Amino acid sequence: MEKKLYFCANNCVMTSQEIQSIKQRFSIIGNNPALNRAIEVAVQVAKTDLLVLVTGESGVGKEHFPQIIHAYSARKHGPYFAINCGAIPEGTIDSELFGHEKGAYTDAKTERRGYFEIANGGTLFLDEVGELPLSTQVRLLRVLESGEFIRMGSSQVQKTNVRVVAATNLDIPKAISEGRFREDLYYRLNSVEIKVPALRERKEDIPLLFRKFAVDFAERYKMPPLRLSDEAVRLLQSQYWNGNIRQLKNVAEQVSIMETNHDISVDTLRKYLPTNELQQSIQLASRPVNNDTFMNERELLYKVLFDMKRDMSEMRQQLNGLLAGQTTPANPPINQDDYQTVEEIHEETTNIEELEKESIRRALERCAGNRKAAAEALGISERTLYRKIKEYDIL
């Protein structure tokens, strides 16, 4: 059997058997060249203590690569922790990462060791690092540069020896330009970047992944595995897959549970694909994929909603000031007839909030209450979703 060689940095050579062994160990499915390249880089960089930034869209499987790096490093016998930075409330993220002393804040009844302390000698995976507050980014930069940190409520400097691997699905350069992420932290984290391809860039892997999910669900639910027609396979491969592998798995589970006939035709499969996915699949069939030309439809909806709410809030403030006679000579006269009344603006804002609330409720229902999956389906962070659930009192 011919051995295919994969070349990585510093003349490292990996055989196809070695690549396949890693995939089996970490439950990675597929033979896409970009996926293989990401695995090669992870294995090669594992031998060093360089900081690594794993990038890619939500649902592509970024969490596998910090595990590979840890397992093939000199720290493999040390602790490994994965922290979802987007799921931890802003008020407690510093305590989670760096610890706190007793009495550091109201609910600090006892002292607490943070992850940078308990992971000493091991690896810390910071998922959704782009969601960290700016104040926490400053503390993170310090510990990355010097290995030093201070617990909340303490003045004692402590040292740690932790390997950090970070991941994000954000456009970090854009976040930097918007003032939401520190540029110096980005360059510190991005010593080596591992790019994980989106599912639509791995069309040849889609049937393999779907088949694996179908077999897993067949075993779990004690039923025959799904069998797709050739046309159904082609339909799967033509999809845009906003949610990537996670969405494909969700579709496989729905079909496995809902269909009594497990010979799946293209018409049957189409019932489980969102309408916008079908529309985008037509576009994909007629032109090459260009990541810059697409945007998650739900993410766009949320951006529009939040922008409209912000604009209406500004308009309301301007109109209230106008009615109170607070216009300044520097401002041109404002024709009140050109503006809605405060009541009309309030009514539209309420409608937008209702639409936003309904979108969140539907996402939670579709994801069976899984808030992480719902947040990713909506294109927002878990922290934002938690805040909205509390704001709208969604059960």
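This is a predicted model: local features need pLDDT of at least 70, side-chain atom pairs count only at pLDDT 80 or more; totals for chains, interfaces and linings use all residues.

Reader: Which residues is Glu111 in contact with, leaving aside its neighbours within four places in sequence?
Author: His100, Glu101, Lys102 and Arg151. Contact means heavy atoms within 4.5 Å.

Reader: Where is Glu111 placed?
Author: Glu111 is in the loop between α4 (93-98) and α5 (115-118). Helices are DSSP runs of H or I with at least four residues, strands are E runs of at least two, and both are numbered from the N terminus.

Reader: How many helices and strands in the chain?
Author: 17 helices and 11 strands.

Reader: How much of the chain is buried?
Author: 45% of the 395 residues count as buried. Buried is under 20% relative accessible area, exposed is over 50%, and partly exposed is in between (1.4 Å probe, protein chains only).

Reader: What share of the contacts joins residues at least 24 apart?
Author: 71%, among contacts between residues at least 6 apart in sequence.

Reader: On to helix packing. At what angle do α1 and α2 pack?
Author: About 85°, with the axes 11 Å apart; α1 covers residues 16-25 and α2 covers 33-46. Axes are lines fitted to C-alpha atoms, for helices over the stretch in contact, and angles run from 0 to 180 degrees between N-to-C directions. That makes α1 and α2 roughly perpendicular to each other. Angles under 35 degrees count as roughly parallel, over 145 as roughly antiparallel, 65 to 115 as roughly perpendicular and the rest as oblique.

Reader: Which residues meet there, α1 to α2?
Author: Ile19, Ile22 and Lys23 from α1 meet Asn36, Ile39, Glu40 and Val43 from α2. By class, the contact of α1 with α2 has four nonpolar, one polar and two charged residues. Here Ala, Val, Leu, Ile, Met, Phe, Trp, Tyr, Cys and Pro count as nonpolar, Asp, Glu, Lys and Arg as charged, and the others, Gly among them, as polar.

Reader: What is in the loop between α1 and α2?
Author: Ser27, for one. Ser27 has a positive phi of about 55° although it is not a glycine. Most residues other than glycine have a negative phi. Ser27 counts as exposed, at 56% relative accessibility.

Reader: Which other non-glycine has a positive phi of about 55°?
Author: Lys222. Its place is the loop between α9 and β10 (227-228). Lys222 is exposed, with a relative accessible area of 73%.

Reader: At what angle do α9 and α11 cross?
Author: Roughly 45°, and the axes of α9 (residues 206-221) and α11 (residues 244-258) come within 9 Å. So α9 and α11 are oblique to each other.

Reader: Which residues of α9 and α11 meet?
Author: Phe210, Phe213 and Phe217 are among those in α9, and Leu248, Val251 and Ala252 among those in α11. The contact of α9 with α11 divides into 11 nonpolar, one polar and three charged residues.

Reader: What about α16 and α17, what angle there?
Author: About 105°, with axes 9 Å apart, for α16 (residues 371-378) and α17 (residues 382-392). That makes α16 roughly perpendicular to α17.

Reader: Lys388 lies in α17. Buried or exposed?
Author: Lys388 counts as buried, at 6% relative accessibility. Lys388 and Lys357 are 8.0 Å apart, C-alpha to C-alpha, and 31 residues apart in sequence.

Reader: Last one. Where is Gln67?
Author: Gln67 is in helix α3 (residues 64-71). Gln67 is partly exposed, with a relative accessible area of 32%. Leaving aside neighbours within four places in sequence, Gln67 is in contact with Phe26 and Tyr80.

Definitions and conventions. Residues are numbered from 1 along each chain as its sequence is written. Side-chain values use heavy atoms; hydrogens and water are left out.
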